[in-house]
Amino acid sequence: MAKFIVPKEIHHGLGSLERLKDLKGKKAVLVIGGSSVRKNGSLERAQNYLAEANIESSVFGGVEADPSIDTVYKGAEFITQEQPDVIIGLGGCSAIDAAKAMWIYYEYPDSKLEDLVAPFAVKPLRNKAIFVAVPSTSGTGTEVTGLSVITDREKGTKYPIVSHELTPDVAIIDGELCASMPTHVTGNTGLDVLSHGVEAYASNIADRYNDALAKGAIDLVFKNLPTVIKEPNNLDARQTMHDASCMAGMAFTNVWLGIVHSMSHQIGGTFGIPHGCGNAILMPNVIRFNSKVTDKYEDLAALLGKSTAEEFAQEVSNLRESVGVVGSLKEYGIDAIEWEAKLDTLTENAMKDPCTLFNPRKPKFEEIKAILQACYDGEAITF
Ligand SMILES: [Fe+2]
């Protein structure tokens with residue numbers, strides 16, 4: 001038995017921001033990041049649509065990349081003053097993740113971050129407000145997942161809050177909002193989408209519901225990511241990548257991820273390597289490693305007219321290269337001495353990462369270490 005949890009409503013398609021007009025409520029707070037949603041007019045449009053629905057709105061702005069717990073407290077204070085019955089995360093993943101955490105503090109002001117990080121510890125939400133997510137980047141799928149990542153800068157730690165309570169009530173997947181994403185962001189976030197599809201498809205609790213979404217997303221990424229890189233103004237390709245991100249998000253929020261993410265969380269936190277870029281470097285070797293216990297990569301190879309896991313790993317490398325992302329951690333610029341000094345800690349923390357639990361092959365410490373080293377050197381593993 002298994003359950004499948006996604007938002008109640010997902011509006012998708014170019015121009016679907018307009019569906020904000022259908023919301024029911026009295027007052028909305030929009031949580032946004034920097035100035036891009038102001039500059040490209042989507043904030044104004046969103047507020048106009050809310051006004052058409054007779055919903056008053058106010059804005060909490062300035063959520064930074066990798067949002068901090070301090071930002072969450074400030075936003076929750078603002079939301080508490082405003083008393084909305086709708087909270088809207090509008091913008092990149094950081095704005096939406098921060099808005100989700102603010103929502104918890106609005107509903108339960110005495111919450112403690114240390115308690116919230118225990119899996120599925122969030123108490124029932126929606127006593128005061130519903131949550132709407134409107135992403136302007138195609139990557140994490142946070143608009144449909146029960147996940148919010150908050151950073152405690154003092155402790156230098158990222159806290160994932162995991163709970164199906166955090167799954168938004170409404171998601172709006174409008175590719176027009178992604179049109180201004182810079183090329184390197186499009187490349188990295190697109191490869192993150194691919195990694196969500198591939199890891200969800202190979203998850204040790206995968207099922208046919210999530211397989212269909214994961215496989216569909218992978219197919220769309222291979223067909224469309226090179227196009228959006230070459231033609232950033234191609235709105236149909238933007239919408240397709242936005243849909244792929246949402247589909248991969250729906251899959252992985254239900255069956256979780258594997259050791260690509262376990263290792264990527266560590267190299268991202270330690271060396272600041274962009275998440276999608278790290279994932280793309282790690283993915284081919286993880287496919288090789290896992291292919292000793294699962295034949296699922298052969299299905300994925302078949303999508304591309306190939307037949308073996310090794311061929312699929314190669315196709316992932318080719319896609320990475322075609323969107324201009326480097327092929328090894330050394331090439332990314334991580335210093336060899338620093339790498340050697342930190343490798344054991346990275347390995348230890350990757351072993352403890354919750355994603356490791358869902359990897360199809362249970363890794364040993366020495367195996368994770370060897371995969372990391374091979375990805376540093378840009379070599380293929382053979383075990
Ligand atoms: Fe990811």
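## K26 and its loop

K26 sits in the loop that links β1 (9-12) and β2 (27-31). The model is predicted. K26 has 11 other C-beta atoms within 10 Å. The cut-off for exposed is 12 or fewer, so K26 counts as exposed.

K26 still has partners. Leaving aside residues up to four places away in sequence, K26 touches I55, E56 and D85. A95 lies 69 residues from K26 along the chain, and their C-alpha atoms are 22 Å apart.

## Packing of α3 and α4

Helix α3 covers residues 69-82 and helix α4 covers residues 93-107. Their axes are 8 Å apart and meet at an angle of about 55°. The two helices are therefore oblique to each other. The crossing of α3 past α4 is right-handed.

On the α3 side, the contact uses T71, V72, Y73, G75, A76, I79 and T80. On the α4 side, A98, A101, M102, Y105 and Y106 take part. By class, the contact residues are nine nonpolar, three polar and no charged.

## Helix α9

Helix α9 runs over residues 259-271, 13 residues in total. From first C-alpha to last, α9 reaches 18 Å. That is close to the 18 Å expected at 1.5 Å a residue. Just after α9, G272 adopts a positive phi of about 70°.

Burial in α9 takes in I259, V260, H261, S262, M263, S264, H265, Q266 and I267. Their cover includes α6 (183-202), α10 (275-290) and α13 (329-332). Helices α14 (336-352) and α15 (365-377) are also among the elements covering these buried residues.

Note on methods
Residues numbered from 1 in each chain as written. Predicted model: local features only at pLDDT ≥ 70, side-chain atom pairs only at ≥ 80, totals over all residues. Axes fitted to C-alpha atoms, helices over the stretch in contact; angles between N-to-C directions. Helix = DSSP H or I, 4+ residues; strand = E, 2+ residues; numbered from the N terminus. Parallel < 35°, antiparallel > 145°, perpendicular 65-115°, else oblique. Left-handed = near helix turned anticlockwise from the far one by under 90°. Contact = placed C-beta atoms within 7 Å. Nonpolar A, V, L, I, M, F, W, Y, C, P; charged D, E, K, R; others polar. Expected span 1.5 Å × (residues − 1). Buried ≥ 20, exposed ≤ 12 C-beta atoms within 10 Å, placed from the backbone.
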